[in-house]
Amino acid sequence: MTRPFYITTAIDYANGAPHLGHAYEKVLADVISRHQRMSGYQVHFLTGLDEHGQKVQQTAQKREVNPQVFVDEIAEIFKAMLKSLNISNDDYIRTTESRHQLVVQSFLQKLYDQGLIYSGKKTDWYSTRQEQFLTDKDRDVDGNWPEIYGEVTQTTEENYYFKLSQYQPWLIEHIKSHPDFINPSFRAKQVLEFLKEPLNDLCISRPKSRLTWGIELPFDHNFVTYVWFDALTNYYSAVADKNLWPADVHVIGKDILSPPHAVYWPCMLKALNIDPPKQLLVHGWWTVDSKKASKSEGNANDSLNLIQSHGADAFRYYLSREMVVGQDADFSHKGFGDRYKADLANNLGNLVNRLLNMVGRNYAGSIPAPSADEELEKSLRDLWSVTQKKYFDSFASYQISHALESLWVFVSAMNAFIETRAPWKLAKSTAPQDKARLDSCLAYVAEGLRLVGTVLLPIMPESAAKLLVNIGQPVPTHFEGQLNWSTVCTGRKVSEKCILFPQNEDSASGVKA
Ligand code: MSP
């Protein structure tokens, strides 16, 4: 029986256009999903849109449209981004859907019935931009409110609170006893540090006088739920009718780890007697040209143009290769162009073409059987075993950039192997051992490329499939039985030419690297 694997991304705020940060997270979750599917898991990949809240209400008002009409438009734009990136999500949840609202309301009612939600009055500092109450802990070292909070005002309001604080000892214990709960582990340490201070109870409502665009509390029609209680529940509501909980991985950015995902969510679930998710995979922050990726600068949206100019696969490769999961990374057009040219067009793309060329010229397009197996060939085969192990070990902890780094060591080794063997010289020789070497050289490179193409399918689904088809191979759906060094390429017909990653001189459309 295949094991299920339930993976989610954060649901994006419906108050602006998609940008690099949104795109990256979807690519990361998609690469993991595709890799897990090929590894034999029954994957369920969820992403979606966070559609309630003050900012959406305000923007819709400004544009004089109904908020539902507004979020419907935004949802189409976000879905178009998923399509352009070739994201293979199995479901898309929107928090305005009734399947979601019903679960949120049932959660609220259950907690209320158990006395875990109470009403209280509080005067507090409130940030309209972040839609959250602030405490003095949120001030900067000079005692001012950091810019991210925008205008901060004092407000007295009656609201509903969830008894978050009573779960603090349990949460600390849970994080300590489940080292995989927060990946990478240095983030778990930060959360434990945060938990050294006593937690406040969590305000989960907004009066309708201030916010109407939300899910109504089932026990008080004058209030709607507060953003996190609504948003976090999507992970559960989307699979409420499926036997998939607990989620295997929630992929999120570092800004929403603590407190939302590492504190509120597990405590909410604990109070509801539901298991917490197995892992929070926390990626870092993208900057663009060393500046914060921001809507106002437009820099983070610009980067998405590369999908159109260079294809989704090159973009997916760059993001996966450049960001060490957990660390921040910088996006630049130059960085993208350099990797496109060096890694994709030259190192991999030219290697494929060299092979097709030589097989076409010397073997009428059919890959020869290997015959000589000298030290050089053996070392390439051995390097594959090492590469395969490193690649899959890195994937097991979702360190995709490390996996790609090892894979490209192998791709470079194939290029070096060709340089050393110099098949163009061997082809001119009449000595029988040179003929054997030529057979093996091309057979080994074909086999190496088959293996590379196979493991790359989750990262660059179209280009990797194209690579395989051009060397006469079927495109596998699973890794099983595909990863050992073999002779399955022998006798396969290759195509005459294949430009996997066009550069300006060989592209009719003038694609520039
Ligand atoms: N709606 C909330 C999440 C609710 S999840 C129950 C939210 N939305 S968001 O649109 O602001 O961000 C969505 C995801 O994109 C988050 O995981 C966030 O970390 C990620 N990114 C947004 N900008 C980013 C970068 N510049 N770099 C990397 N990822 C960042 O938060």
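In the predicted model, helices α6 and α9 are roughly perpendicular to each other (an angle of 65 to 115 degrees). Helix α6 spans residues 185–194 and helix α9 residues 257–271; their axes, fitted to C-alpha atoms over the stretch in contact, are 11 Å apart and meet at an angle of about 90 degrees, on a scale from 0 to 180 degrees between N-to-C directions. Helices are DSSP runs of H or I with at least four residues, strands runs of E with at least two, numbered from the N terminus. The contact (heavy atoms within 4.5 Å) joins R187, V191 and F194 of α6 to L257, S258, P259, A262 and V263 of α9. By class, six of these residues are nonpolar, one is polar and one is charged, where Ala, Val, Leu, Ile, Met, Phe, Trp, Tyr, Cys and Pro count as nonpolar, Asp, Glu, Lys and Arg as charged, and the others, Gly among them, as polar.

The ligand is surrounded by 24 residues (a heavy atom within 4 Å), the closest being I11, H22, E25, D50 and D255. This shell holds 12 nonpolar, eight polar and four charged residues. At least two shell residues come from each of β2 (12–13), α1 (20–38), α7 (227–232), α8 (234–237) and β13 (249–253).

The protein buries 95% of the 670 Å² that the ligand exposes when taken alone (Shrake-Rupley method, 1.4 Å probe).

Residues are numbered from 1 along each chain as its sequence is written. Local features of this predicted model need pLDDT of at least 70 and side-chain atom pairs 80 or more, whereas totals for chains, interfaces and linings use all residues, and side-chain values use heavy atoms, without hydrogens and water.

Conventions: Angles under 35 degrees count as roughly parallel, over 145 as roughly antiparallel, 65 to 115 as roughly perpendicular and the rest as oblique.
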